Amino acid sequence: VDIRKQTVPDTRGWPWEFFFNSPGDNREGQEREFRNEGLGSGVIVARDGKKVYVLTNNHVVKGADEITIFLYEKNETPFEASLVGTDPRRDLALVEFESSDPDIRVAKLGDSDALEVGDWVLAVGNPYGYISTVTAGIVSAKGRRGMEENINDFIQTDAAINQGNSGGALVNLRGEVVGINTWIATPTGVNIGLGFAIPINNAKKAINDFIEHGEVEYGWLGVTIGDPSESLAEEMGLGSRKGAFIYRKQYKKRIT
């Protein structure tokens with residue numbers, strides 16, 4: 001799935017705004033005619049009657065005023081889509097569009113926990129707008145940590161991933177989706193063989209939560225934990241015991 005978004009930038013305060021508004025030119029209240037267009041990919045993960053649900057990255061649709069879906073086999077007929085829900089902590093989002101076409105198929109989700117380093121995988125997406133590009137590689141590593149505030153344990157692959165691949169499928173040789181391509185590590189902005197995908201097992205519950213609640217529901221432990229300092233461990237007589245230390249209970253759920 002090719003996902004395209006359009007946003008209306010707020011140009012108030014731009015240093016070159018003066019050159020577009022001559023003295024006495026009152027454009028207040030007029031809608032700006034220009035748009036910023038973003039490009040990404042997605043995976044059809046569920047269907048309920050005419051409603052078709054597409055999983056992608058939060059950063060692909062973030063800030064979008066309009067979302068348009070293009071399907072590879074029906075590229076001439078775009079679908080207007082709407083946002084169902086987002087999860088910035090895992091960089092996931094679900095969008096929906098409506099179609100009565102029975103040929104629109106739902107992807108088969110695999111088991112990302114069953115992946116082994118060295119397994120062959122394919123990355124599917126729309127790099128630089130080249131719709132439904134497929135690249136091949138292997139699983140280079142599992143359990144990689146990524147960007148700040150992202151709680152995923154990423155699958156690392158050397159399958160080529162570039163701009164526009166975000167939100168696309170990482171599939172195994174059985175055609176099962178095992179990951180959602182999300183980001184690359186690169187000093188140049190282009191692929192150097194260090195691509196990262198969200199394990200699909202991290203996203204399965206999120207899909208259901210989006211459809212049922214419009215957001216992801218996280219568990220809440222109700223305590224503040226951390227590693228005990230040496231002085232605290234000595235004062236509490238913990239000796240050489242290791243583990244998390246409960247500093248206090250939280251009686252009110254924090255909104256995150």
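Which residue stands opposite A197 in β13? In this predicted model, the residue opposite A197 in β13 is I155.

## Overall make-up

The chain has 256 residues, of which 41% count as buried. Its secondary structure comes to three helices and 15 strands. Among contacts in the chain with a separation of 6 or more, 62% are between residues 24 or more positions apart.

Strands in a sheet are paired by backbone hydrogen bonds, in either a parallel or an antiparallel sense. The strands described below form a barrel of six strands and an open sheet of seven strands.

## The barrel and strand β13

The barrel closes in the order β8-β9-β10-β13-β12-β11, with antiparallel pairing. From one strand to the next, the twist averages 45°.

Strand β13 covers residues 195-199, and five of the five are buried, so the strand is largely enclosed by the rest of the structure. On one pairing, three bridges link β13 to strand β10 (residues 154-157) in the antiparallel sense, and I155 stands opposite A197 here. On another, β13 runs antiparallel to strand β12 (residues 177-184), with five bridges between them. W183 stands opposite F196 in β13.

## The open sheet

The seven strands of the open sheet follow the order β2-β1-β5-β6-β7-β4-β3, and the pairing is antiparallel. β2 (36-41) and β3 are the edge strands, each pairing on one side only. The twist in this sheet averages 30° from one strand to the next.

Within the sheet, β6 and β7 run antiparallel and are joined by five bridges. T86 has A93 in β7 as its bridge partner.

## Helix α2 against both sets of strands

Helix α2 lies across β12 and β13, running at about 45° to β13. β12 and β13 are strands of the barrel. The helix also lies across β3, β4, β6 and β7, where it runs at about 50° to β7; these four strands belong to the open sheet.

## Nonpolar cores

The largest nonpolar core holds 21 residues, and L55, L92, V177 and I180 have the most contacts inside it. At least two residues of this core come from each of β3 (43-48), β4 (51-56), β7 (92-98), β11 (169-171), β12, β13 and α2 (200-213). The most is given by α2, with five residues.

I180 touches V43, L55, N57, G167, G168, F196, A197, I198 and I200, leaving out residues up to four places away in sequence. A second, separate core has 15 residues, including I44, V60, F79 and I104.

## Aromatic pairs

A pair of aromatic rings is described by the distance between the centres and the angle between the planes. The whole structure contains three aromatic pairs. The ring centres of F79 and F97 are 4.6 Å apart with the planes at 35°, so this pair is tilted. F79 is in strand β6 (residues 79-87) and F97 in strand β7, so the pair ties together parts 18 residues apart in sequence. F79 and F97 are both buried.

How are the rings of W183 and F196 arranged, stacked or tilted? Their centres lie 4.2 Å apart and their planes are at 15°, so the pair is stacked. Since W183 lies in strand β12 and F196 in strand β13, the pair ties together parts that are 13 residues apart in sequence. W183 is buried, with a relative accessible area of 19%, where the cut-off for buried is under 20%. F196 also counts as buried, at 7% relative accessibility. W183 and F196 form one aromatic cluster together with F154.

## Arginines over aromatic rings

Two arginine placements complete the account of the rings. R4 lies over the face of F70, at 4.1 Å from the ring centre. R89 lies over the face of Y218, and here the distance from the ring centre is 4.5 Å.

Key. Residues numbered from 1 in each chain as written. Predicted model: local features only at pLDDT ≥ 70, side-chain atom pairs only at ≥ 80, totals over all residues. Heavy atoms only, no water. Buried < 20%, exposed > 50% of the residue type's maximum accessible area, 1.4 Å probe, protein only. Pairing = 2+ DSSP bridges. Core = buried A, V, L, I, M, F, W, Y, C linked by side-chain atoms within 4.5 Å. Contact = heavy atoms within 4.5 Å. Phe/Tyr/Trp six-rings, centres within 6.5 Å; stacked < 30°, edge-to-face > 60°. Lys NZ or Arg CZ within 6 Å of the ring centre and 35° of its normal. Axes fitted to C-alpha atoms, helices over the stretch in contact; angles between N-to-C directions.
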